[in-house]
Amino acid sequence: MNRRAIFMTLCAAFIPYSVYVYTQGTEASHIRAMSEEARYGQQLFQEFNCIACHQFYGLGGYMGPDLTNVVSSRGSAYARAFLMSGTQRMPNFNLNESELDAMVAYLEFVDTTGRYPADDYQINWYGTVVQSDE
Amino acid sequence: MTSDDDGDDRDMIGLQFLRLGMLALAAGMFFGVIGGFQFLFPEFLRELLFTKTRPLHVSLVISWIFLASIGGIYYYLVTQCKLKLFSPRAANWHFWIFVVTGLAILACYFAGRFGGREYFEYPAVLSIPIFLSWIIFGVNYFKTVFKSTEPWPVYYWMWGTGIIFFFITFSEAYLWLIPYFRESMVREITVQWKSYGALTGSWNMLVYGTAIFVASRISENPQLARSRMAYGLYFLGLFNLMFGWAHHIYLVPSAPWLRSLAYAVSMTELLVLGKILWDWRASLASYQIHKHGNAYRFLFAADIWIFINLVVALIISVPALNLYTHGTHITVAHAMGSTIGINTMILLASVFFVIREELPAEVHSGCSKQVTFGYRMANVSLAVFFVSLILAGLGKGFYGGGSFQEMMLSIRPFLLVFAVSGVTLMLGIWIVLFSALRLINLRLSLASRGAFAAEY
């Protein structure tokens, strides 16, 4: 048994696989492209480290709710209200108007990219989940 | 270091990494405990925001895993595998770059300057020195082990793989800097998870390699690291690391086959589970008799945690079940069970193995009362901690009601138990660390006085 050969084979499979993941594998049906404003919101989201308490698609901290679909389930105005005042648990980040707009634009953008948690899906006999929009 | 005895000088870099790692763990657990209470009582230490305590906790404990693995590798290569380190000076550079960058990262967190990415919450520029230090480590490692004339035992493979995958995780984690990646949410989340697959894969390779090394030494059975089974499990692990990560993104609309493949790949871990059960009795009998009482005991605990975590991992890798568990505290339970129960126990075994080798006159083969007490306290606390997270996760995953606030209220009792057991867990580990640090310090101070050679 040649260990080096096995190692090389696995690596050889991993490279095209990675390239596929970076390209077609994630070529999702985006409803819209990310606007400049949403891009700014994304940057703010990182600077304020919102991910410490919130998640997108379940990735992030658990102190606050997942924000993937907060816009379609609660509305932009609702999200904006939270950001403006903070809560007992969520700090008020004292965002100015344009920062608030950007943050909401970013949340709106994320909302168009998929459903999380899944609300309309089917489970196959072997345990996989298929969402209705796939 | 003043000693001019080459042999004495060489091993100290390993011990320094171990010491730094233990300090990081002690501090990291402290911030974890604060964070746990902030979760429940938002007023608790409000000045030190949760946005700060969380990354302080995460970065420090991840550093512990890497530092302790690296320290073990430097030490074992030189003193146990009898290889000559390619460049001891580079190893020193590695250490100091790590110290300085680490302090800079902590300072950024305290100052509230974030990069805001999961796991790498510090400003992105600070990754450059980390990347650099890994290049130094990688070159040093490979240049050293390539000197070995015999076929590599499996731990050389694993350590090397861990180093390579660290570069992959790091490169992928920063792909978001390119607009092509960050402007597509699906790509952004998917690549991020792919990168974290390589991150945990990387440290698991380093840690499991260490476990096999220590186990083969204390059982005095080098076959453990050279059998077909050992290499077989290594390749299975590598296969999982490469293709299994997509079990984290079952609900992200990427190409469906990526996710089905990950499901199938994840299930191959059942083989590992079977193997563990098969070996269970044999492994008990073979180590017990030996002189490394402390190291043996921590490996034993790791064995049990591997079993428990594998069962949980297999369950939550089934997409239909993952639907309920993803994004809940069950994921946290799984992460804590593996990083504390498995990785930390293994690395503590490694630390005590090193201590016993270095200070045979100071440490007895059995376990001191202090370590025994800390060990028991930590493991019992971890069990309570783990169960309370699972229950909190089930509460969240199956919550049928409306608001997030009500859901959090309903799982509050579990989170309270979680926070309290976190305190006793920290105290248990602190007791163990205190004992280990005292001995490592003793060894380092002997070396720096050049007195070691004279005394032993």
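A:Glu27 and B:Arg187 form a salt bridge in which the closest N and O atoms are 3.3 Å apart, a salt bridge being a side-chain nitrogen of Lys or Arg within 4 Å of a carboxyl oxygen of Asp or Glu. The pair crosses between chains, with B:Arg187 in helix α7 of chain B and A:Glu27 in the loop between α1 and α2 of chain A. Helices (H or I, at least four residues) and strands (E, at least two) are DSSP runs, numbered from the N terminus.

The model is predicted: local features need pLDDT of at least 70, side-chain atom pairs count only at pLDDT 80 or more, and totals for chains, interfaces and linings use all residues. Residues are numbered from 1 along each chain as its sequence is written, chains are lettered from A and ligands numbered from 1 in the order in which they are written, and side-chain values use heavy atoms, with hydrogens and water left out.

At the interface, 63 residues of chain A are in contact with 79 residues of chain B, where contact means heavy atoms within 4.5 Å. About 6100 Å² is buried between the two chains, and carbon and sulfur atoms give 65% of this area; buried area is the accessible area (1.4 Å probe) that two parts lose on being put together, summed over both.

Across the same interface of chain A and chain B, 14 residue pairs are in polar contact, both residues being at pLDDT 80 or more. A polar contact is a pair of N or O atoms within 3.5 Å; within protein, one must be able to donate a hydrogen and the other to accept it, and residues adjacent in sequence count only if both atoms are side-chain atoms. Elements of chain A that give two or more residues to the side touching chain B include α1 (3-22), α2 (36-47) and α5 (97-111). The largest share of that side, 13 residues, comes from α1(A).

Over all chains, 60 aromatic pairs are found. Rings of Phe, Tyr and Trp (its six-membered ring) pair if their centres lie within 6.5 Å; planes under 30 degrees apart count as stacked, over 60 as edge-to-face and the rest as tilted. B:Tyr119 and B:Tyr196 form an edge-to-face pair, 4.7 Å centre to centre with 70° between the planes. B:Tyr119 lies in the loop between α3 (88-111) and α4 (127-145) of chain B and B:Tyr196 in helix α7 (residues 185-218) of chain B, so the pair ties together parts 77 residues apart in sequence.
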